[in-house]
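Welcome! Here are a few exercises to work through with the structure open beside you. Try each task before reading its solution.

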Amino acid sequence: MAKKILAVTACPTGIAHTYMAAEAIEKAAKEKGVEVKVETRGSVGVENGLTEEEINDAHAIILAVDTDADESRFEGKPIVYSSVGNAIKNAAALVDEALAKKASSNSHVSQVQELKKERSSQRKGPYKHLMNGVSAMIPLVVGGGIAIALAFLVGGINAEGTLASALNEIGGANALALMIPILAGFIAYSIADKPGLAPGLVGGMLASSGGSGFLGGIVAGFLAGYIAKFCRDYIKLPQNLEGIKPILVIPVISIISTGLLMIFVLGKPMSAIMTGLENWLTGMSSGNAIFLGLILGAMMAFDMGGPVNKAAYAFATGLLASEIYGPMAAVMAAGMTPPLGLWLATIIRKNKFTNEERDAGKAAGILGISFITEGAIPFAAADPLRVIPSLMVGSSIAGGLSMLFGATLRAPHGGIFVLAIPNAVSSLFLYFIAILIGTIVTAVMVSLLKKDVTSVETDKNDNLAS
Amino acid sequence: MALTELLTKTQVLLDIEATTKEECIDQLIEVFEKESVVHDAAKYKEAVLYREEEGTTGIGFGVAIPHGKSDSVERPGLAIARLKNAIDWKSLDGTPVNLVFLIAVPETEAGDEHLRILSQLSRKLMHEDFRQKLKTTTSTDQLIQALE
């Protein structure tokens with residue numbers, strides 16, 4: 001396949017250089033017969049935006065930017081950095097440099113790329129918006145949750161002026177209080193770009209204060225996002241008043257209408273649903289708790305980072321805002337066992353795996369302890385009908401046991417590393433046992449179901465290596 | 001929406017004299033003031049010079065595109081100067097400049113047609129035949145036509 005290059009150009013004013021650099025790169029690539037797509041981030045906004053799929057398929061990325069370019073998108077891709085000025089002058093050299101870049105290939109990286117492909121093909125429409133909100137929210141929950149855990153460790157939360165009460169205030173009263181507004185805000189931002197953020201934040205605050213929790217936050221985010229998008233796209237002002245549209249008209253209309261809908265229409269039913277859910281979860285019998293753990297666990301393993309997995313994950317993370325920590329523990333345990341179980345299987349049953357798979361197993365082990373379920377994808381992709389059911393059984397058991405043991409987790413990520421933080425996980429020992437049993441069950445299931453490797457199956461190696 | 005809304009005939013200065021970058025910018029700002037593109041020339045000039053400090057707008061090939069975004073700008077505008085004698089602009093490729101495009105953009109202008117036109121112009125400037133045409137036309141009309 002011909003190499004395809006992507007580029008992003010952006011400069012502070014975004015009036016001229018951004019576009020000249022883009023043109024220069026396009027021109028240089030054309031002269032070399034290389035396919036290229038250039039995203040421009042100027043004052044007109046983002047134009048010709050790169051899709052995740054294109055980023056996946058690209059050979060390398062040229063970043064000719066003097067300002068923010070949303071670089072995290074390109075994780076794992078070879079990147080050529082340049083100033084905008086240099087791109088205008090030396091575009092041809094940049095294209096050469098990009099072509100010469102090698103996609104660094106070890107199993108770890110290929111798994112991450114696999115993961116990205118998975119994501120890109122699945123994240124579309126509302127799902128994409130929801131995930132943008134969730135991913136913006138997670139750092140707050142991680143930082144806030146761990147701050148609270150540490151506050152309990154230090155002790156003396158109620159005494160004012162102590163370190164403990166300060167940590168508790170940072171975590172509980174502030175970081176976690178921002179969780180739902182940020183969730184809603186970034187869902188709306190994802191839908192309507194910048195105009196969505198303000199009404200989304202306000203809708204999220206109202207969901208938070210109105211007691212409708214993360215479910216209310218999600219609804220508020222979508223509501224605010226589509227209202228803002230509608231205002232942006234359909235309100236037309238006379239030319240000379242156009243300037244006040246983004247700073248006056250859209251914010252006023254979108255914030256007030258989102259707010260009124262949240263208060264008078266959606267607030268009450270959403271908060272009733274949320275309260276019902278909370279009551280069910282807190283008053284659940286142990287049988288129901290195990291059942292919930294089993295279901296969440298199976299969901300985590302079903303598509304390893306896909307929509308079903310993320311649905312379970314978002315559900316558990318959202319519940320942290322309601323101070324319900326059990327499902328989070330179950331979800332993390334279940335998300336860790338697929339790659340961990342595969343790692344174990346490659347060790348105990350070497351003859352079931354190719355050399356490459358055994359190497360990939362080591363990387364999977366590391367991804368597993370880091371709670372990156374996607375680490376199991378290369379194995380699942382190579383032999384889905386045998387691997388995925390095995391992973392689901394192991395994860396269900398880990399999730400169910402975690403719920404049975406009453407384990408709770410205050411931070412929504414971190415894998416084994418968060419276990420080292422005192423008080424982040426309750427019932428630490430039993431929780432560890434839950435993960436261990438889940439891992440062993442996964443490994444045994446995989447070993448039983450998978451066939452011995454024969455020389456004919458070498459083509460699978462290529463799947464892994466590519 | 002067309003380029004001509006940004007650029008009237010009076011906003012093209014053919015074969016003028018200027019010895020420094022600032023002198024050239026001053027002459028073009030004067031045009032903007034006359035045409036009421038900017039209402040506070042001093043403030044706008046500040047924005048333009050500030051942009052120059054951030055990095056030269058001499059994009060090479062004898063072309064410079066100084067620009068300023070400021071609330072002293074009334075409406076988006078473009079002014080062009082072709083210089084009799086090329087002057088130093090600390091260009092990216094070191095060549096002296098004889099074709100100058102001054103761009104004015106209001107602070108609140110975002111996502112607007114005008115900016116799109118200016119971005120199109122910027123793109124065109126990267127092409128040799130387009131620049132050649134601009135440097136060799138003999139009348140204002142021809143130059144505006146070439147820009148279309």
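A salt bridge here is a side-chain nitrogen of Lys or Arg within 4 Å of a carboxyl oxygen of Asp or Glu. Keep in mind that this is a predicted model.

**Exercise 1. The interface**

Task: Describe how chain B meets chain A, from contacts to salt bridges.

Solution: 
- Step 1: Start with the contacts, where 25 residues of chain B meet 21 residues of chain A.
- Step 2: Turn to area. Chain B and chain A bury about 2,200 Å² between them, and carbon and sulfur atoms account for 63% of it. On the chain B side, L92(B), R123(B) and M126(B) lose the most area to chain A, together 31% of what that side buries.
- Step 3: Look for charged pairs. The rule gives two salt bridges across the interface of chain B and chain A. One of them joins R123(B) to E23(A), with 2.9 Å between the closest N and O atoms.
- Step 4: Find the elements involved. In chain B, helix 2, strand 4, strand 6 and helix 3 each supply at least two residues of the side that touches chain A. Helix 3 of chain B gives the largest share, seven residues.
- Step 5: Sort that side by class: nine residues are nonpolar, nine are polar and seven are charged.

**Exercise 2. Salt bridges within a chain**

Task: What separates the partners in sequence for R73(A) with E39(A), and for D359(A) with K362(A)?

Solution: 
- Step 1: R73(A) and E39(A) form a salt bridge, their closest N and O atoms being 3.0 Å apart. R73(A) sits in the loop between strand 4 and strand 5 of chain A and E39(A) in strand 2, so the pair ties together parts 34 residues apart in sequence. Both R73(A) and E39(A) are buried.
- Step 2: D359(A) and K362(A) meet in a salt bridge at 3.5 Å, N to O. They are three residues apart in helix 13 of chain A, which means about one helical turn separates them.
- Step 3: Check accessibility. D359(A) is partly exposed at 44%, and K362(A) is exposed at 54%.

How values were computed: Residues numbered from 1 in each chain as written. Chains lettered and ligands numbered in written order. Predicted model: local features only at pLDDT ≥ 70, side-chain atom pairs only at ≥ 80, totals over all residues. Heavy atoms only, no water. Contact = heavy atoms within 4.5 Å. Buried area = accessible area lost by both parts, 1.4 Å probe. Helix = DSSP H or I, 4+ residues; strand = E, 2+ residues; numbered from the N terminus. Nonpolar A, V, L, I, M, F, W, Y, C, P; charged D, E, K, R; others polar. Buried < 20%, exposed > 50% of the residue type's maximum accessible area, 1.4 Å probe, protein only.
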